[in-house]
Each structure stands twice: as structure tokens, then as C-alpha cells.
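Here's a quick briefing to read with the model open beside you. Take it topic by topic and look up each part as you go.

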Amino acid sequence: PPPRPVFSSIAVFCSGAVLPFAATLVLLLFAGVFERFWFWTFEYPRAYTSLLGYSEAAYVFKFRATRILASQLPAVAVAALGLAAVVWDGNLRKRVFFLLGFTLFSFVSMVPGLHFWPHYFVLVLPAVSLLFGAGVCALYRLISGPGKVSRGAVVCSVLALFALAFPLYRERDILLFDTPLMVSRKIYGYNPFPEAVEVARYIRENSDEGDRIAVIGSEPEIYFYSDRVSATGYIYAYPLVENHRYAQMMTQEMIQEVESARPLFLVFINFRTSWLTTEGYSEKKDHIFDWFARYAADYEPVGLAEVVAPFETEYYWDEMTPRREPRYKYWIAVYKRRSPG
């Protein structure tokens, strides 16, 4: 197309992106929370994205990409064929700019921060899907011959069906046979998702709607399942134990919020995945664990969820709890504020 309509379209598109953001800034400024917005949207993310170096990022990418590819290898292979087919396939060569550009920018979109968490890879799925279709079509045009049902149609249909069925077969236990507990452990390892449901049930049944709770860890699902409001804005504890310059300030802010709210229940999460503390954190002064040990003295233990085996968790409530000390590596402790006097 002529240059002028192209630049006009780009200008309209950019305006559509910029104007809502600018309006949001103005609204937040008048609401008096602009500084908080700026900190959480720009300053802390800048610190977070500088936590990993390039060598660490390369290792993380290789580790996570390998695990994801293992269950999708045939589909990715067909997508790679579609990427390569732009060299010899005339139909795809006409669309090479869009195919390569969309794939490149889809990949680039998950690079900032260099963390490469598994869910970041969702950003490349649309591009991989398009390349998969391109690969099937290019192969069909390459090997298709004359006849009512051509050889290319049969080969490509079988290839596509196999590539799509492979992940279903490979994950058949998770999709068809495993219990929710087994699925959670296989996918998320020792994340306390099953335990969170039971802990939240106890809190919900032993508190009123207006009561507040504080989860010391990174399990905001407990707030959701219990239908109780958090005593602090820090529903994730990861920023408190990361190696950046805001960690101490965040810790003090969370402590002040919890102490001011005086929550009815405290929930302490003793799962590594709920903290991911950096090396040497426990040796620092005034860290979150030291504070909790002091603050919890005003609370009495009323619950303990202890993982005794990969697919087995033991629960102790109320009068059974004070006499128990955790014996295993992973556990959740529930504390209730003592009554005055």
C-alpha cells in the first residue's frame, strides 16, 4: 500500500495504545495514588528484571524450554518445517514478513526479565500454531499428486493428527486418570495448592466475613478459598526475599500493615516454592522470619497441615495442634489471635 495510509494506520494504532494509558495516569494522579502506581509498575519491575544475569537466564531458558518441548515435540517439529518452508514454498514466501516477524516478536515478548517462567511460553503459542498450519500446507503442496484422494492429503492428515494426539497420549494420566491431588503434585510439585483448600476451609468455618487474615508466604489462593480479606497488600512474599534494594522497605511495610490490622488468623507457609529466598537471606538482620517468630507469640497454634508423602498430607486442628511439632520438610501452620485476658 502507499506510504501515507500505512503511517496513518500506525498513528491510529499507537494512539489507541497511548491514550488509555495516559487517561489512567491522570485518574491515578487525581486519586492520590500515582506514586504507588509508579513504584509497582515501573520501579519494582525494573529491580525484578535485573535479578538474573545472562548466563543464569540461558540455563533457565534451556531447562524450561526442554521440559515444554518434551510434550509437544511433533507439533514443534511441524512448526519448524513451516518456518523452513518459506525458503521453497511460493505461497509462504509471500507471507514471509508476517510469519517471521510475528514469530520473532512473540519470542521477544517473553524475554524481558530473563526469568522465562513456564506460562511466559504461552505468548509464542499463536505463532507456533500458525507455523504448524504453514508446515502442513507446505508439505501438502510439496508431495501432493494427482488422484481423487491425493497422497499429500493422506500423509498430511496423518502427520497433523499424530502431532496433535501426541501430547494427549503423553499426558493421558493427568488428563484422564489422576486425582486432583496427583495432578497438582505432578504439574506443580511441592506447591501447597491442595493444602490451601483445607486450610482455607478451616478459616472460613471459624471466622466471620469481616475478619481479616494474613498469609505469611505466597499463597493468595487461601484468601480466595476462605473468602476473607488480607491484612496486607503483600499477598505474595517473593519481593520481600529477593536480592534488590527495595526488599527491606517492602518487609517493613508488610509488617506495619499486618500489625495495624491485627488479623484474626495468621497462616505461615513453610514450602520452599512459596518463598524462593535468595542465598544468604536468613542471615540478614530483621528479616521476615525473625519478625514472625516474635509476632506469633501473641497467637495460639490451631492448625497444622504437614506433607508426609508426595500424595499424602496429615491435618491437625484445634486441640490436636499445640502438642505437635512439624516432623517433615513441608508444612503450613495456622495461628489464631489470643483473646484478651
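Two strands count as paired if DSSP finds at least two bridges between them. Helices (H or I, at least four residues) and strands (E, at least two) are DSSP runs, numbered from the N terminus. What you're looking at is a predicted model, where local features need pLDDT of at least 70, side-chain atom pairs count only at pLDDT 80 or more, and totals for chains, interfaces and linings use all residues. Residues are numbered from 1 along each chain as its sequence is written, and side-chain values use heavy atoms, with hydrogens and water left out.

**The sheet**

- Six strands make an open sheet with mixed pairing, in the order S2-S1-S3-S6-S4-S5.
- Strand S2 (229-230) and S5 are the edge strands, each pairing on one side only.
- Strand S1 (residues 212-216) runs parallel to S2, and two bridges join them; here isoleucine 213 sits opposite serine 230 in S2.
- Helix H15 (residues 288-295) packs on the sheet and touches S1, strand S3 (265-270), S4 and S6 (contact means heavy atoms within 4.5 Å).
- The direction of H15 makes about 140° with that of S3 (axes are lines fitted to C-alpha atoms, for helices over the stretch in contact, and angles run from 0 to 180 degrees between N-to-C directions).

**The S4-S5 hairpin**

- S4 pairs with strand S5 (residues 312-317) in the antiparallel sense, over six bridges.
- The hairpin joining S4 to S5 goes through two residues.
- Glutamate 306 has glutamate 314 in S5 as its bridge partner.

**Helix pairs**

- Two packed helices are described by the angle between their axes and the distance between the axes.
- Helix H4 (residues 73-84) packs with helix H8 (residues 151-170) at an angle of about 135°, with the axes 7 Å apart.
- That makes H4 oblique to H8 (under 35 degrees is roughly parallel, over 145 roughly antiparallel, 65 to 115 roughly perpendicular, and the rest oblique).
- Pro74, Ala75 and Val78 in H4 meet Leu159, Phe162, Ala163 and Phe166 in H8.
- By class, this contact of H4 with H8 has seven nonpolar, no polar and no charged residues (Ala, Val, Leu, Ile, Met, Phe, Trp, Tyr, Cys and Pro count as nonpolar, Asp, Glu, Lys and Arg as charged, and the others, Gly among them, as polar).
- Helix H10 (residues 180-188) and helix H11 (residues 193-205) cross at roughly 130°, and their axes come within 8 Å.
- H10 is therefore oblique to H11.
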